[in-house]
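Let's take a walk through this one together, stopping at a loop, a helix pair and some aromatic rings.

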Amino acid sequence: MTDNASLLQRRNAAIPRGVGTAMTAFADRAENAELWDVEGRRYVDFAGGIAVLNVGHRHPKVMAAVRDQLERFTHTAFQVNAYESYVALAERLNALAPIDGPAKTILFSTGAEAVENAIKIARAATGRHAVVAFGGGFHGRSFMAMALTGKTAPYKKGFGPLPGGVYHLPFPVAHAGIDVARSLQALHDLFKADVSAEEIAAIIVEPVQGEGGFNAAPPELLQALRGIADAHGIVLIADEVQTGIGRTGRMFAMEHSGVKPDLIVTAKSLGGGLPLSGVIGRAALMDAPAPGGLGGTYAGSPLACAAALAVLDVFEEERLLDRADALGARVVARLDAWTQRGDLRPIGHIRGLGAMIAFDLLRERGGVEVDPAATQAVLKRAHALGLILLGCGGQGEAIRLLFPLTIPDAVLDEGMALLEQALAADGAG
């Protein structure tokens, strides 16, 4: 019989330690917001494969679209024989994205790949080299994406030297004492001390930081960045890998601010569980690279394109943007009530947009100092109770909630009850 323990032993012998796994349970099957391991144990999924499953595991419409595509062909390479699903998906994303004027889309496979290509497009369009990013940001593990990421351990440690021309600004986080004025002052100081505005190709920002702790960029920051980019001919890139495709109650989180970026990077939930990413942007910028300068053998897989078109249909038919707002409000109300509970570990800094929600474990009730060790203990306890849950944040202090937007109310309530048990002050649940 295959069990978790034997599989873990095989995993450790066959796979390098550089790829971590949050849980010791090995998946066997899954449906919507539920997963069963190889031993038959059921889990409530509040991770969604790291924000990939906004429409849940194995949504029937997505499965049907993939099966249909499997019967026709699985791969041609878009650069060899193009296919309609790629074109149709680009058309739909162009219409949905908050881009000013005509838009174009190119598809890839991973978020990091899309980030890398967004930088290539910005450099080709501007003829400049430098890029500004933010501390705490996460943009991927490939080399340019790693350089853009604003966290050294574990993402950069031991992998240097990294590509040059990347500069980081502090990201506004109110409970950490960093405001928008400080971030913008750092940008102006950068212009004076390190690189002129006329050498900067792009500013890249997550409208809500993902790995960095689910901290939302204040609208005034995004508005200021838009103005600075316009004044100096800089390309403004929104990294919506984790925030996009409805997680925040808008198809793209930038819509909350009213700011229109020049390029949008999307991935994760776009493919409904299949590897797919893309760059959507102003047509004039997107056409800057010469033919052959962009692409990839597996980029825009026909199976993933079929899945993504089904994902967008599901969002319309099941009104999942409204559902994201309703789920988020319901969960935040419950978290707020828990802050007053003496029988639970102290929590605070509850934050997020729509159904992209996080909170911190604190050293004392009503305080501000975070307790990363307590966070890790709660995550471990949640896993033991049957809740798939992830942390995030610069110190690993936050717990993030990424349940599918299709989760039934009863399963959401069950998952929240498990989280409540995991937060029990005595650890006994």
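This is a predicted model: local features need pLDDT of at least 70, side-chain atom pairs count only at pLDDT 80 or more; totals for chains, interfaces and linings use all residues.

Helices here are DSSP runs of H or I with at least four residues, strands are E runs of at least two, and both are numbered from the N terminus. Is Asp371 buried or exposed? Its relative accessible area is 15%, and the cut-off for buried is under 20%, so Asp371 counts as buried. Leaving aside residues up to four places away in sequence, Asp371 touches Leu361, Leu362 and Arg363.

Two packed helices are described by the angle between their axes and the distance between the axes. For helix H4 (residues 84-96) and helix H10 (residues 302-317), the axes come within 9 Å and cross at roughly 40°. Angles under 35 degrees would count as roughly parallel, and H4 and H10 are therefore oblique to each other. Their crossing is left-handed. So who meets whom? On the H4 side you'll find Ser85, Tyr86, Ala88, Leu89, Arg92 and Leu96, and across from them in H10 are Pro302, Cys305, Ala308, Leu309, Leu312, Asp313 and Glu316. Sorted by class, that contact has nine nonpolar, one polar and three charged residues.

Tyr86 turns up again among the rings: Phe73, Phe78, Tyr83 and Tyr86 are linked into a cluster by ring pairs.

How many aromatic pairs does a search of the whole structure find? Seven. Take Phe134 and Phe171, for instance: the ring centres are 5.8 Å apart and the planes stand at 90°, so this pair is edge-to-face. The two partners come from distant parts of the chain, 37 residues apart, with Phe134 in strand S5 (residues 130-134) and Phe171 in the loop between strand S6 (166-169) and helix H7 (180-193). Phe134 is buried at 3% relative accessible area, and Phe171 is buried too, at 4%.

Phe138 and Tyr155 make another pair, this one tilted, with 4.8 Å from centre to centre and 55° between the planes. Again the pair links distant parts of the chain: Phe138 is in the loop between S5 and helix H6 (143-148), while Tyr155 is in the loop between H6 and S6, 17 residues apart. Phe138 is buried, with a relative accessible area of 18%, and Tyr155 counts as buried at 9%.

Methods
Residues are numbered from 1 along each chain as its sequence is written. Side-chain values use heavy atoms; hydrogens and water are left out. Axes are lines fitted to C-alpha atoms, for helices over the stretch in contact, and angles run from 0 to 180 degrees between N-to-C directions. Angles under 35 degrees count as roughly parallel, over 145 as roughly antiparallel, 65 to 115 as roughly perpendicular and the rest as oblique. A crossing is left-handed if the near helix is turned anticlockwise from the far one by less than a right angle, and right-handed if clockwise. Contact means heavy atoms within 4.5 Å. Ala, Val, Leu, Ile, Met, Phe, Trp, Tyr, Cys and Pro count as nonpolar, Asp, Glu, Lys and Arg as charged, and the others, Gly among them, as polar. Rings of Phe, Tyr and Trp (its six-membered ring) pair if their centres lie within 6.5 Å; planes under 30 degrees apart count as stacked, over 60 as edge-to-face and the rest as tilted. Buried means under 20% relative accessible area, exposed over 50%, partly exposed in between (1.4 Å probe, protein chains only).
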